[in-house]
Amino acid sequence: MHENLDAEVLIVGGGPAGLTAAIYLARFHRRVVVVDDGNSRAKWIPRSHNHAGFPDGIGGTELLARMREQAIRYGAHLVEAKVERVDVREDGFVAATEAASIACRAVVIAAGVRNRRPALDDAVHSDALERCLLRYCPICDGYEATDQAVAVLGADDHGVSEALFLRSFSSKVTLLAQSSVELDATTRQALARAGIAWAPSPVAHLDFSDSQVTATLQDSSVLRFDTLYPALGSDPNHALARSLGVELSEAGCIVVDRHQRTSMAGVYAIGDIVAALDQISVAMGHAAVAATSLHNDLREADGQTLDRQRP
């Protein structure tokens, strides 16, 4: 059955950014629909210890469940689906999922990014994450890797920078290459000064079946680590923004102003899809700014403000 939904605001993405925006907007008495396809990176967090207010940490799945409950409590409507397209019309937008059409006045894109993953079976990947043998965010959990034997996979500038960052948590950091690579003299000197080992032979196989990560290199060397950080980059989920013609950065992130407005009137962007520090707290800050700006923009359009000039 095809459903027709009427909303003031459509939020694309139900991660921490999208759900925070939904909570704010619902509490502003806006009719909000959140469409989420279930792929928020936050759900893969075994336990976050740097999210303020949870001194014992909180798992990503639990955090998202709490936020969904809070958004629903104030009247937000959550839909499990993928937004396939958004069309512009004279009085706003109309979005389509496989089973619904959603008319709205404004759109908040909170679609996030996808981590580039090592070539691992999904079940192996999930298990390694759960047991903290595989980690993706040294800012989030570098503290938990203190004094551990740490591997960083990816010998480009991004990988080198991540290895140097992790050196402040452990003296036992090794940089691994996913493919053949030669480091220039400046990079080698920086690694040497920091006491970071470099394995020039590329990784042939990663094994997470034991209590440590076993990396077998192409030269048959075998190295073992307490945890491994893939530093392979990420890809923004910007297909919707691109189809709308919203301005993107060279890296594919959505360009916004200080109010989280994009280059298209009525479209806002928040969270990791925006070039910023990829942290839950930052995403939630984006959401608070965007939701308040959006609410005030609609008030202005409806003649409900004193000052008619946009700041």
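Predicted model: local features only at pLDDT ≥ 70, side-chain atom pairs only at ≥ 80, totals over all residues.
Colleague: Which strands lie at the edges of the open sheet of five strands?

Modeller: The strands of this open sheet follow the order S4-S3-S2-S8-S18, and their pairing is parallel. An edge strand pairs on one side only, and this applies to the two strands covering residues 77-80 and 267-269. The edge strands are therefore S4 and S18.

Colleague: Which residue of S8 stands opposite Val9?

Modeller: Strands of a sheet pair through backbone hydrogen bonds, either parallel or antiparallel. Here strand S2, with residues 9-12, and strand S8, with residues 106-109, pair in the parallel sense over four bridges. Within S8, the residue that stands opposite Val9 is Ala106.

Colleague: What angle does helix H1 make with S2?

Modeller: Helix H1, which covers residues 16-27, packs on the sheet and touches S2, S4 and strand S3.

Colleague: Which strands does helix H8 lie across?

Modeller: Helix H8 is formed by residues 280-301, and it runs at about 165 degrees to S18. The strands that it lies across are S2, S8 and S18.

Colleague: Are the residues of strand S16 buried or exposed?

Modeller: Strand S16 covers residues 227-230, and it pairs with strand S10 in the parallel sense over four bridges. Thr227 and Tyr229 point one way from the strand, while Leu228 and Pro230 point the other way. Whichever way they point, these residues are all buried.

Colleague: Which residues make the nonpolar surface patch of about 260 Å²?

Modeller: One of its members, Leu277, lies in the loop between S18 and H8. Leu277 has a relative accessible area of 46%, so it counts as partly exposed. The nonpolar patch is made by Leu277 together with Ile139 and Phe165.

Colleague: Why does Asp147 count as exposed?

Modeller: Asp147 has its place in the loop between helix H4 and S10, and it has a positive phi of about 65 degrees although it is not a glycine. A residue is called exposed when its relative accessible area is over 50%. Asp147 counts as exposed because its relative accessible area is 52%.

Colleague: What is the relative accessibility of Ser220?

Modeller: Ser220 lies in the loop between strand S14 and strand S15, and its phi, near 75 degrees, is a positive value in a residue other than glycine. Ser220 counts as exposed, because its relative accessibility is 59%.

Key. Residues numbered from 1 in each chain as written. Heavy atoms only, no water. Contact = heavy atoms within 4.5 Å. Axes fitted to C-alpha atoms, helices over the stretch in contact; angles between N-to-C directions. Buried < 20%, exposed > 50% of the residue type's maximum accessible area, 1.4 Å probe, protein only. Patch = residues over 30% accessible without salt bridge, like charges linked within 9 Å, V, L, I, M, F, W, Y side chains within 5 Å. Areas by Shrake-Rupley, 256 points an atom, 1.4 Å probe, with all protein chains shown as cover. Salt bridge = Lys/Arg side-chain N within 4 Å of Asp/Glu carboxyl O.
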